Amino acid sequence: MLDPVLVIASSTALAALLASAASHKLRDRRAFNAIVRAYQLLPAPLAPGATASLALIELALALALLLPAWRTEAALGVALLMALYASAIGLNLWRGRRDIDCGCSGPGAAQPLRPVLLLRNLVIALLAGLAAWPVAERALGVLDIFVVSAAAAVALLLHVAVDGLLANQPRLAKLNGR
């Protein structure tokens, strides 16, 4: 059993990450629909339904992660969702289709498919595994709540920083002449 601070911080960070991802998809459904179609994994008529479904699944998982009664199931759902996303990315990398936007960073932050995205999804899935772990029963104090908030914030900031580096890496490579 893990200390509840680790599990709650992990689930809080994942919830914020998924809520942000869902909001990107819902804010510009047309752009995300184009990304889903570009993956060429579904017949074109199914893309709008998949677009809406993915956003709603992310939002539902984000909310469920914050509810102790649903945390474990939601965390396992996040791990499965990351496996689905990694499979879609991996299949398109295998097809040699690196020029499409991964859809990871929302509108206006296009990021081409690269193997490092598979590693990023694995790290998120591992964080989901941590959020799914059983917790030791103990009362949380004020300091625990502060640590949960700070740890979740640091995890999110790390994700944003890594995502920004990944999104800008191709541009930086061009500037360096690579």
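**Figure 1. Confidence along the chain of the predicted model.** In this predicted model, confidence is lowest in α6, where the mean is 80, and highest in α4, where the mean is 96. Over the chain the mean pLDDT is 89. Of its residues, 98% reach 70 or more.

**Figure 2. The largest pocket and its lining.** The space in this pocket comes to about 780 Å³. Its lining is made of 39 residues, and those nearest the centre are K25, Y85, C102, G103 and C104. At least two lining residues come from each of these helices: α1 (4–27), α2 (29–38), α3 (47–65), α4 (71–94), α5 (116–132) and α6 (142–175). The largest share belongs to α6, which gives eight residues. Sorted by class, the lining holds 25 nonpolar, nine polar and five charged residues.

**Figure 3. The second largest pocket.** About 320 Å³ of space is found here. The lining consists of 15 residues, with V123, I124, A155, L158 and H159 nearest the centre. Two or more of the lining residues are given by each of α1, α5 and α6. Of the lining residues, 13 are nonpolar, one is polar and one is charged.

**Figure 4. Helix α3 and the residues it buries.** This helix has 19 residues, and from its first C-alpha to its last it reaches 27 Å. That is close to the 27 Å expected at 1.5 Å a residue. Its buried residues are A47, A50, T51, L54, A55, E58, L61, A62, A64 and L65. The partners against which these buried residues of α3 pack are α1, α2 and α4.

**Figure 5. A15 in helix α1.** A15 counts as buried because its relative accessibility is 4%, under the 20% cut-off. Setting aside residues up to four places away in sequence, A15 touches A62, L65 and L66. Two of these, A62 and L65, are listed among the buried residues of α3. A15 and A125 are 110 residues apart along the chain, and their C-alpha atoms are separated by 13 Å.

Figure 6. With 24 residues, α4 reaches 34 Å from its first C-alpha to its last. The span expected at 1.5 Å a residue is 34 Å, and α4 is close to it. The residues buried in α4 are R71, A74, A75, G77, V78, L81, M82, Y85, A88, I89, N92 and L93. One of them, Y85, is also among the residues nearest the centre of the largest pocket. Buried residues of α4 pack against α1, α3 and α5.

**Figure 7. Q40 in the loop between α2 and α3.** Most residues other than glycine have a negative phi. Q40 is not a glycine, yet its phi is positive, at about 55°.

**Figure 8. L118 in helix α5.** L118 has a relative accessible area of 30%, so it is partly exposed, a class that runs between 20% and 50%. Apart from neighbours within four places in sequence, L118 is in contact with A86, I89, G90 and L93. Among these, I89 and L93 are buried residues of α4. The C-alpha atoms of L118 and S87 are separated by 8.5 Å, although the two residues are 31 apart along the chain.

**Figure 9. R114 in the loop between α4 and α5.** R114 is buried because its relative accessible area, 13%, is under 20%. Its contacts, leaving aside neighbours within four places in sequence, are I89, L93, L166, A167, Q169 and P170. Both I89 and L93 are also in contact with L118.

**Figure 10. D144 in helix α6.** The relative accessibility of D144 is 15%, which is under 20%, so D144 counts as buried. Not counting residues up to four places away in sequence, D144 touches V5, R138 and A139.

Note on methods. Residues are numbered from 1 along each chain as its sequence is written. This is a predicted model: local features need pLDDT of at least 70, side-chain atom pairs count only at pLDDT 80 or more; totals for chains, interfaces and linings use all residues. Side-chain values use heavy atoms; hydrogens and water are left out. On a 1 Å grid over the protein atoms alone, a cavity is a set of points where a 1.4 Å probe fits but cannot get out, and a pocket is an open set with protein on both sides within 12 Å along at least five of seven lines; lining residues have an atom within 4 Å of a point. Grid points are joined across faces, edges and corners, and a volume is the space filled by probe spheres set on the points. Helices (H or I, at least four residues) and strands (E, at least two) are DSSP runs, numbered from the N terminus. Ala, Val, Leu, Ile, Met, Phe, Trp, Tyr, Cys and Pro count as nonpolar, Asp, Glu, Lys and Arg as charged, and the others, Gly among them, as polar. Buried means under 20% relative accessible area, exposed over 50%, partly exposed in between (1.4 Å probe, protein chains only). Contact means heavy atoms within 4.5 Å. The expected span of a helix is 1.5 Å times one less than its number of residues. pLDDT is the predictor's confidence in each residue, from 0 to 100.
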